[in-house]
Amino acid sequence: MMDIQNRGSVSVYGLSEWRFLTRFENIMGVYLSSPKTEKASEDGENERLRYGLSSMQGWRATMEDAHQAYLDFDSSTATSFFGVYDGHGGKAVAKFCAKHLHQQVLRHEAYIAGDIGTSLQNAFMRMDEMMCGQRGWRELAVLGDKIDKFSGMIEGLIWSPRSGEVNELMDDWPSEEGPHSDFHGPTSGCTACVAIIQNNQLVVANAGDSRCVLSRKGQAYNLSKDHKPDLEVEKDRILKAGGFIQVGRVNGSLNLSRAIGDVEFKQNKTLPAEKQIVSAEPDINTVELCDDDEFVVLACDGIWDCMSSQQLVDYVRELLITENKLSAICERVFDRCLAPSAGGEGCDNMTMILVQFKKPTTSCASVQVQSQHLHRPCETNKIQMETMKSSSETDKSSAGSDNCHVEYDNHSSSSLL
């Protein structure tokens, strides 16, 4: 969860008051007097994979992370789905994505045709579309804070289409008429980092600063890139869309450059969705798995603020020697990251999914990563496994400065990308 808290909505606050509250809360933070260390955990396995996941509120006043895990995502193929969603300004958008994003992947014609990357791209962008209008407002109200839940439920009874009024095959998200028909979308938002494993193929989609990391023979490889405003490709889009960057934040407010939701940053009517100040467009990366691949970690930035990719891989491998329950390993990571007092690193919500491969696949001397972009031609980078020494004290918040060097999107990144 980024440090934007309780932003409310423009319908409650005037826009100037909302911006003031946002910036005030960015500086001050919203913390409890003591952390909530209770953990919500689960484990599962099938013939191919084992996974464990956990989430913890920590020092934050609210829990705004969400997640989803489906070992048997698609009954017709050997496909699994895992996702983490890190909310900011409230929990509603993260919960909305956890409820609907994977369903949109399955529904898209590209997925049926075997194109997982395109179906993921569509699902990410579709979230913003679905959260508009009366139907979007009502769903967010029910999923969000208690103050809106009752109103959302009542409006659902009054305004939602009745059974038989909508052909679900023709429209999986039918529009509704009601007092919020002109709702343009939520001012809160979330990151999304999703991994789909189908046979020996791993496809990762990411928008924001949550991260997916692969452990290959003990070496950490980033399968996603942290989207921060100071990255050249992000800065260029922000400025061209009419935004600005102040103290490392988009328009002085948001400390990441891609997210689902955050309608305030998506108001340029002359530009498509992927070119707005903040975009929900994900990076899509595909990796062929092999014998050397041990596990994948998906986690929100509450973890990556405290540990580098390589540090986390090393710690997980150490714990796997004596601990068989994967969710318990996630819990141990939280305990290690949790700050002793409120303020700074280790005070964020924490969510982590650990996926372990049970059976060897194929041997590999190199990695092929296919990076897909919704509005750019696909390109394939063949990358030799070039290892560099971990710089654990200097790379805690960077996306993969402890992995292999590759030029990508006009800036240096130590990852598979």
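A: Start with two terms: pLDDT is the predictor's confidence in each residue, from 0 to 100, and a contact means heavy atoms within 4.5 Å. This is a predicted model. Over residues 373–414, pLDDT stays under 50. The model still has 123 contacts beyond four places in sequence for residues 373–414.

Q: What makes residues 2–28 a stretch to read with caution?
A: Their pLDDT stays under 50, although the model has 62 contacts beyond four places in sequence for them. Where pLDDT is low, the predicted coordinates should not be read in detail. For the protein chain, the average pLDDT is 81, and 72% of the residues score at least 70.

Q: Why is strand S13 called mostly covered?
A: Buried means under 20% relative accessible area. Five of the six residues in S13 (residues 283–288) are buried, so the strand is mostly covered.

Q: What makes S7 and S13 a pair?
A: Pairing needs at least two bridges. Strand S7 (residues 201–207) and S13 have six, in the antiparallel sense, so they pair. One of the bridges joins Leu-202 to Val-287 in S13.

Q: How do you know that the span of helix H4 is close to the expected one?
A: H4 (residues 116–130) has 15 residues and reaches 20 Å from its first C-alpha to its last, against 21 Å expected at 1.5 Å a residue. H4 is also mostly covered, with 12 of its 15 residues buried. Among them are Leu-120, Phe-124 and Met-127.

Q: What covers the buried residues of H9?
A: The cover includes strands S8, S9, S14 and S15, and helices H8 and H10. The buried residues of H9 include Leu-312, Tyr-315 and Leu-319.

Key: Residues numbered from 1 in each chain as written. Predicted model: local features only at pLDDT ≥ 70, side-chain atom pairs only at ≥ 80, totals over all residues. Heavy atoms only, no water. Buried < 20%, exposed > 50% of the residue type's maximum accessible area, 1.4 Å probe, protein only. Helix = DSSP H or I, 4+ residues; strand = E, 2+ residues; numbered from the N terminus. Expected span 1.5 Å × (residues − 1).
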